[in-house]
Amino acid sequence: MENIKAIRGFDDVFFEEAKKFRFITNTFRELFRIYNFEEIILPIVEYKELFDRSVGEITDIVQKEMFVFEDKSKRVLALRPEGTAGVVRSVIENGLLYKKPFLKLFYEGPMFRYERPQSGRKRQFHQIGCEVLGLEDPASDFEVIKLCFEAFKMLNIDITLEINSIGCPVCRPSYREALTSYLTNVEGLCKDCEERRFKNPLRVLDCKVETCKDLTKEAPVMLDYLCEDCSNHYKSLKTYLDTFNIPYKENPRLVRGLDYYTKTVFEFIKDGLTLLAGGRYDNLIESLGGPKTPAIGFAAGIERLMLFTEAKSEEPLYTVVYIEDTKLEAIKVANELRKNGKRVEIILKGSNLKKKLEIADKIGASFAIIIGPDELKKGIYILKNMFTKEQKEIKNLGDI
RNA sequence: GAGGAUGUAGCUCAGUUGGCAGAGCGAGGGAUUGUGGAUCCCUAUGUCGCGGGUUCGACCCCCGUCAUCCUCCCCA
């Protein structure tokens, strides 16, 4: 019979990888705690329409990367491709914005995009992120970026922060027009850019092809077109970043793939790969039927972070090794040590002491507590250091 | 959706112009029934990704398919 295998792009995570995963999420969770965020736990399935209306109908995420299906009553549903849409839906649906002056929420969980799997990119992947709703102050942008910056420090990942402002409905149209008319007169763009030129002109500026980069060197940049409000917002953010020594690179070509962004956008990039990205979305909540509410958030790709993360070293493992007659005593020892918070394994496999020590070694023991008939008689335990081979007799397990 | 590479033991990989399937690591056992990591000895690894075709004969050649990895599009 054919063995059942996991679905393409849906990976199992175990051992070291699982530890890394948890190290990353715990790091963010700790930061969310001290920045006073609250967790929101949301469904993985939503009406497809939610993503059409938030992420944007013309984006690739919606057009070709969503897991869409009909349920038994013919509702068109989708596995969530990102987290913000669900948060906003929930906040509106539950009237959360009326319950507090502002909201700071974080989430964590699987997201789904139907793409070709490759390094740091799976069909089921995981994001951890947050949303600040109801604050328009650029200091809130700063706080969110600062939190991310701290996270990378704690994860020991050397990273580049890039920022930009992509304006708002007041100023973006005139920029878009300027850019489009500039691009119309450019010849020799790559095949992809030929399409982007109409579909999503801002993306042309982001192209990796050298000739495209050259051809768009003189292209107008958003920063020159920002309205006063957007411009001031951007300046203030930079002032905060400078004041608190957060290094960043201004990238006037930084655009984001989702439709809902306004003003501040930012990415944390490592070796050309975006590990974390976010931005402001001051109109999304209103456009989804909620009250007009400014907001900013980010999402980090956990699998991508794992590519550059070392799991933290483990706490010592104590093993209890016994002779068949003293098995009960061994279990008692384990119970006692665990009561004291130690990580303990009883070596239940292996027929003799030699074997059991070998097994203790293989599972990575730091110590072995040896308890046999002789020790039992004398009322002692042997504590063996598995690295130095040193062993000593102890009377009380509390001394360990 | 497009391009490229690769699928042989648990892992890393050899393999023959087409003629019985190999190594290392790991695993299990062992003169040592109370002391592990090194060494030594023994043992088992398997539908050669799957399906078809060519052939007396296919792991090898051909077609298809699935999967993995990488790149692009796109994105965290």
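First, conventions. Residues count from 1 along each chain as its sequence is written, while chains are lettered from A and ligands numbered from 1 in the order in which they are written. Because the model is predicted, local features need pLDDT of at least 70, side-chain atom pairs count only at pLDDT 80 or more, and totals for chains, interfaces and linings use all residues; side-chain values use heavy atoms, with hydrogens and water left out.

Start with chain A. Its domain assignment gives domain 1, 16-171 + 226-306, and domain 2, 317-399; such bounds come from an automatic or database assignment. The C-alpha centres of domain 1 and domain 2 are 49 Å apart.

Next, the sheet. Helices (H or I, at least four residues) and strands (E, at least two) are DSSP runs numbered from the N terminus, and two strands pair if DSSP finds at least two bridges between them. Eight strands make an open, mixed sheet, ordered β1-β5-β6-β11-β10-β9-β7-β8. β1 (38-39) and β8 (249-250) are at the edges with a single partner strand each, so one side of each has no neighbour in the sheet. The partner of β8 is β7, residues 160-165, parallel to β8 over two bridges. Within that pair, E162 stands opposite K249.

There is also a hairpin. β15 (residues 381-385) and β16 (residues 391-394) run antiparallel, joined by four bridges. L383 has K392 as its bridge partner. Five residues lie between the two strands, and K389 has a positive phi near 70°.

Now the RNA. On the RNA side, 48% of the atoms within 4 Å of the protein belong to sugar or phosphate, and the rest to bases.

A polar side-chain atom of Q118 is 3.0 Å from a phosphate oxygen of RNA strand B. For Q127, a side-chain N or O atom is 2.8 Å from a sugar or linking oxygen. L276 uses a backbone N or O atom, 3.3 Å from a sugar or linking oxygen. Elements giving two or more residues to this surface include β6 (124-133), β10 (273-280) and β15. The largest share, seven residues, comes from α14.

Methods:
Near = heavy atom within 4 Å. Polar contact = N/O pair within 3.5 Å; in protein donor to acceptor, adjacent residues only side chain to side chain.
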